[in-house]
Structures are given as structure tokens and as C-alpha cells.
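Consider how the chains of this model meet, and start from the contact between them. The account below goes from salt bridges to areas and then to strand pairing.

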Protein chains: 2
Amino acid sequence: MALRASADIVVAGTAMTRFGRHPERGLADLAVEAAGAALADAALAAEDVDALYLGTFLGRSLQGQGVLASVVAQRLGLGPVPTTVVEGACASGGIALRHGVLACRAGAARVVLCVGVDQMTNAPTPAVTTGLAEAFEAGVDRELGLTFPGFFGLVASAHAARYGTTRDHLSAVSVKNRGHGAGNPDAIFATPVDLATVSAARPIADPLRLYDCSPIADGAAAAVVCQRADAPRPGRSIAVLACEQGSGPAATAAVEDLCTFRATTAAATAAYRNASVAPSDVDVVELHDCFTIAEIVDSEDLGVLPRGEAAEAIAAHATRLGGEAATVNPSGGLLSRGHPVGATGLAQIHELVCQLRGEARNQVPGARVALAHNLGGSGATASVTLLAA
Amino acid sequence: MALRASADIVVAGTAMTRFGRHPERGLADLAVEAAGAALADAALAAEDVDALYLGTFLGRSLQGQGVLASVVAQRLGLGPVPTTVVEGACASGGIALRHGVLACRAGAARVVLCVGVDQMTNAPTPAVTTGLAEAFEAGVDRELGLTFPGFFGLVASAHAARYGTTRDHLSAVSVKNRGHGAGNPDAIFATPVDLATVSAARPIADPLRLYDCSPIADGAAAAVVCQRADAPRPGRSIAVLACEQGSGPAATAAVEDLCTFRATTAAATAAYRNASVAPSDVDVVELHDCFTIAEIVDSEDLGVLPRGEAAEAIAAHATRLGGEAATVNPSGGLLSRGHPVGATGLAQIHELVCQLRGEARNQVPGARVALAHNLGGSGATASVTLLAA
């Protein structure tokens, strides 16, 4: 099926809160901060906004807050515009962006505010674990005690068995991303780690160890989407070449192959086709490294690195800033920045917009084409967005 | 802002489960039943579906199920298509439909399955009450003990003070809708009630009594949306003239006027404008009678009856089948059918599609234009859809 290109739609502004602990603030406070800053970055005001999409995954489980899109719209002083909460587990932020793009493409809105938010550090750890496990299909995995570190441990074991992925391969992902994240003022972990530390850290879910896992956090991120003609700062606006979604099983027994995510490959295939872009055209990538093994699988699923060769290539620094492949997670990724789940997809967009404006902290020289990849649950959903300067 | 018309988009098929108690079945089971039946009604198959939107409000609170759109898509055997959960409290079903329409208008999908579902009767009543209160903004109303019957009791008191709305006016809404719903095989309450019984029923939240309140229920409803050219049965397909959303406060203290819902008026204004339809053109309406007073306010907000005159007109049978105004809630509405919250918006669409096909149980003779209105929370969000034969 031929889909229309989105090249006339732009991201006109982005922002994020610091990802970390915000015990003194509420879910809506964080969302309002990021949304207001994204509007300011776009040089737009509350009265310019025609619709709001808000992605959150744990807002219901941990804060018991429904209709959060309306709550945030009221706090921002928007008019009586359409406000919609979208949920796709940890891909909720990427899905919020996609629906901003769709609303513009459909002619239903000129300017759309897309916000992602979650607040996790106030809750007891068991509540967070239980809340995150709502991304598994009820009835099997979670009743058997499977957690997300456990699921990605299975992925790591499967990848090791098929491709020979080693402990040091996993560690190299963490070392790279913590290196990229060093000094990032928005990150929860802004210090580097070395290979020996990562490989010897305490076990979490075999074979994954502490630094293989992205940290929970509180935070929000936002993007303003509109037609280029409606962007007050067209020169600072970044084209959305494609913004696609895919889906897959939410139950581990239904996953045919643990070394790939069908949701990612479906979204990536659609995005590359609709943007007329090849993986080799991409200069900079923010992908969903919720665990080190996820970055290896994602890099292969997205075509950033060849299938079965990603682990070795990452260890050889191919995706490090200045490496021979596209730079992956120059922000530090989820492993460094932290993963307030609903916010992650829009934090990725914020980093890539900075890259394509030439203003990033870890600037990829001459970056022209960027890819964001946000994964939900054990591959139940994923979004892939292609942006261009 | 000029918006594009949606007149090329149709509802190609609809279905609903019986609304009632389904203790032996899960949330996904109900959604799959309605979705499969809607596809069959459209003469389409799982492989034809390009995207799935699922509206649920209590799926997280009561069943702890995230990514339900992906779970349902897998169960239906869809491909790796975009799957999105949308949430806008009790308007989640109407919002799911709207996003099916937007995805088609944006050219992102040819055929979209829109599903609404909730399962409420398995849970203890306090859990249901707490879950529903997640539609209030955290921090004030619910911490003070306000519930939705309490909120709509305030609305009834305000309406009585301004317009002289009486106990018998409220009761007349229940009598009409229970009369319309009598014999409806899909309804939880398929028997009529008389005015004396309604007016003397036990108090729930002053001035509201038992039969002023829609019953909780389990159930699902679904609609298939596509371009008319993609509908295998174009003659049975119903045009979507407009499908709009509005928003308002989720905190009672922020509601400027308890006798109107800003979310409804914003959505209705946009829908009438975009469809080039006047309220007087509408033949049949399914509106959000979560409480009797809501039908009175909604009828005024939608322009079905003049402001301040709805209570008297309803009592004089203007909106009863065969009355002089548009027929309102020929299905029996939420008061008779029951209100499995996420499913309601799509059950309304199912009834109106039957009406516009000339196949409804309580057929409005010659019905050509229909309106569906779905309200979320205390007016935090609303959707208004205009359909035409």
C-alpha cells in the first residue's frame, strides 16, 4: 500500500525536563514544564495549539491519573482542543509524536503538542515492577514471574547462542552509551563506566548485570509538530520524513524469534519506504537501549548494522561518535539518560532535533538524516521516525 | 481554521457484544468478539486491516493490562500493523473511532479496526469507583471523596436552580430510555420502568436516585472504518460526515458553568461546521446519558433541544421515538444498555449505523443524518460524530 509522504510536516520545537528524581513534583508538573518549553522553542503560544497527544505508561498504575492529556491542556491554558492519551507501553512517547504527525497530515490540526511523561521514583520498586509488567499479555508471562529484565535476559541468551554474543559485547554497549552520556545535564547517569566494571557488576537477570539495564526515572519530553508553513522558525524546523508504527506479540511464548522484534522491522520497513531513505543514509540514531542487548538487536532490526554482526561492530566502536557507521545514542541513550518510560520516545526526538540543527552536545558532524526508534514492552509495539535537516 | 471534510470515509461494519455480566470471559475475549463480528459485517478479513485503535478506560485499573491493542491484534491474527490504545475516560470509544477516521484521512491506512472495551462487573465495587475516579484530576475532587454520581448530582442541582429542572424531569429521561431499551437483547436492563418507580427509587447522590444512574457492565463494541472505495459493501456503508473531539477541565473547581460541558460544545461546533450540517438536520442521536441529568445537558449542548428547555421537552416526549424532535437514544442509551465505559462510544456508532441502514430495532423512519456523542469524565473530553446514510 502506498502511503503519503510526511515531508511537509516538521518538528518546530522540542524540549525535555531533566531525567532523574523529581520527588517534589507531580506527573502533570513535569509534562507542563516540557510542553511549555517545547512551545517556547517553537516560538508558539498556547493559543496556537490545535491538539494535544500525551503518551504515558505508568500514569495510571502508579499515580491513578486518567485523562492526563486534558489535565495538562488545562494547565497549559490551551483552548477546548482535542486531547488524547495514547498508550503503547515504553513506546507511548513515539506513538504520541506519530499521532501529532497524523493529525497534521489529516488536516485536523495545524499545530499539535506531543508530550511524553512518567514518574517512577516515588513508587515502591515492587509497584514499578508490577506496573511495567502490565506490558505483558495477562495470563502467562507475568503470572509466571517474568519481568522485563528477565525477558531481555532471554533475548541476550538467544542472541549469544545464535551469534556468539559475549559478556564483553554487552558491556561495550553500556560503555559506549555511558561515555556518550557523560556530562549530559539531562541524564540521570552522567558519568562514564569502564568495561571491567560493567562486566563484573551484580547480576540482575542472567546474563544481564546492573549496567546492562536502563534506570527508572521521572521526566517528560515534548515536541511541537506542524506544517512547515505554520512554523514561526522554519530554519530551525526539522522535517518529518516518516513516522511509522508496528506491532508484535505481548506474550513471550508467541515470539517466534527472540533475536528480532517484528514491531521494529515492520515500522522500519515502512519508514524507509515512505521516506525513500536507505539505512545507509542515516547519520545519527537514537534507539531503544532499555537493556544493552536491546541496542544490539535494534541495530540489526533497523539495518544500522548487519544482522549478526552488531555486537562485534559496536565493540569495535562503529556506532560511537566518530565511528564508521551511524552514531547511535549520542545522548547516552536510555542506559545513561534514564527511562521514564512514556517520555523516552520524545526525549529521543529532542536529541535528534538538536543534532539536525547542529546544536547537539555530542554533535555528529554534518548530520542530515536521523532515526528514532522506540520499543514497547517485549515487542508489542514500536515506532520508527525519520527526520531530516 | 478550515478542516477537510471526511465525507469520503465510511463505517463499513459494526458490532457489539451483549452488554452485561461476562464473568467467564476476559477483556481481550470481549474485544476480539466485537472486532471479529464488525469485520464480518464489513465483509473484510483480518489481513485487510491496516491499523487498530482500542479505547479502554479501566483495562489498566481493574485488569492491569497495558498494550491491549497489540494483544487484541495478535488474537485476531492481524499483521504487524500499528496498534494504539487511546484513553479519554468514558469517551475512549468515541476517540478510538475518531483516530480510525484520522488515520484514513491522513492516508496512513486503508482499513482501520476501532474497538472499545471494558470489564467492570468482576471487580469489587470500591475498585470500580476508585477506577472511575481516575477521570478526575488528582489532588482535589477525588481526595475530597467526590464520585461521578456526586459530580452529576451537582450538575442536576445547578440545572434545577437555573432552569427549574424537577425530579419528574429527571425521571422522564430514565422512563424514555428504559422504554426504548425494552427488549434490546444487547442491553443489561431490557425492561421498562415507570415514573413513580424512578422518582421513588433509593437515593444515590442527591438529587440522583438509582434509575438516574447508568449501570456498570462488561462489553465491547467495534467499527471498521475505510474509504468508501475500499468497502466491499458500499451500499451498507455509512458516511462519516465529521468526527471531532473537544476538551475541558477535569477538576470540578475549574468548571465555570455546571450546566454545560465545554468539551461537548467545542466538538459539536466543529462537527456541524465541518459536515455543513445544522442540528435541525439530525434525525437520530445517541448521546452520553451516563446519568439522567447528563442527557438533559447534552441535548442542550448539542443543539438537539433549546438551552433551558430540554427537561420540559423530554418530559413532553419530544425526543421519544415518534416525537417531534430528533429521536434520542433509541437503543435505550447508557441507562438501559449499560456503560462498560470504553465500549460505549462504539456501541453508539453500532446503533446509529443500524438506524442509517434502516435495520434498527427501534427504527427512526427515514433516518438520514445521525449524531453520536460520547463524554469523558466530568467533561474532560468529548467526541461528536456525524454520520449519514
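**The interface of chain A and chain B**

Two salt bridges are found by the rule across the interface of chain A and chain B, in what is a predicted model. Arg60(B) makes a salt bridge with Glu134(A), and the closest N and O atoms are 2.6 Å apart. A salt bridge here requires a side-chain nitrogen of Lys or Arg within 4 Å of a carboxyl oxygen of Asp or Glu, so the pair Arg60(B) and Glu134(A), at 2.6 Å, meets the cut-off.

On the side of chain A that touches chain B, the elements that give two or more residues are helix 2 (59-63), helix 3 (68-76), strand 3 (83-87), helix 4 (92-105), strand 8 (238-247) and helix 9 (262-275). Sorted by class, that side of chain A holds 26 nonpolar, 18 polar and twelve charged residues.

In extent, the contact draws 56 residues from chain A and 56 residues from chain B. The area buried between the two chains is about 4500 Å², and carbon and sulfur atoms give 47% of it. Within chain A, the residues that lose the most area to chain B are Arg60(A), Val67(A) and Glu87(A), together 15% of what that side buries.

The chains also share strand pairing. Strand 3 of chain A pairs with strand 3 (residues 83-87) of chain B in the antiparallel sense, over three bridges. In this pairing, Glu87(A) stands opposite Val85(B), which lies in strand 3 of chain B.

Terms used: Residues are numbered from 1 along each chain as its sequence is written. Chains are lettered from A and ligands numbered from 1 in the order in which they are written. This is a predicted model: local features need pLDDT of at least 70, side-chain atom pairs count only at pLDDT 80 or more; totals for chains, interfaces and linings use all residues. Side-chain values use heavy atoms; hydrogens and water are left out. Contact means heavy atoms within 4.5 Å. Buried area is the accessible area (1.4 Å probe) that two parts lose on being put together, summed over both. Helices (H or I, at least four residues) and strands (E, at least two) are DSSP runs, numbered from the N terminus. Ala, Val, Leu, Ile, Met, Phe, Trp, Tyr, Cys and Pro count as nonpolar, Asp, Glu, Lys and Arg as charged, and the others, Gly among them, as polar. Two strands pair if DSSP finds at least two bridges between them.
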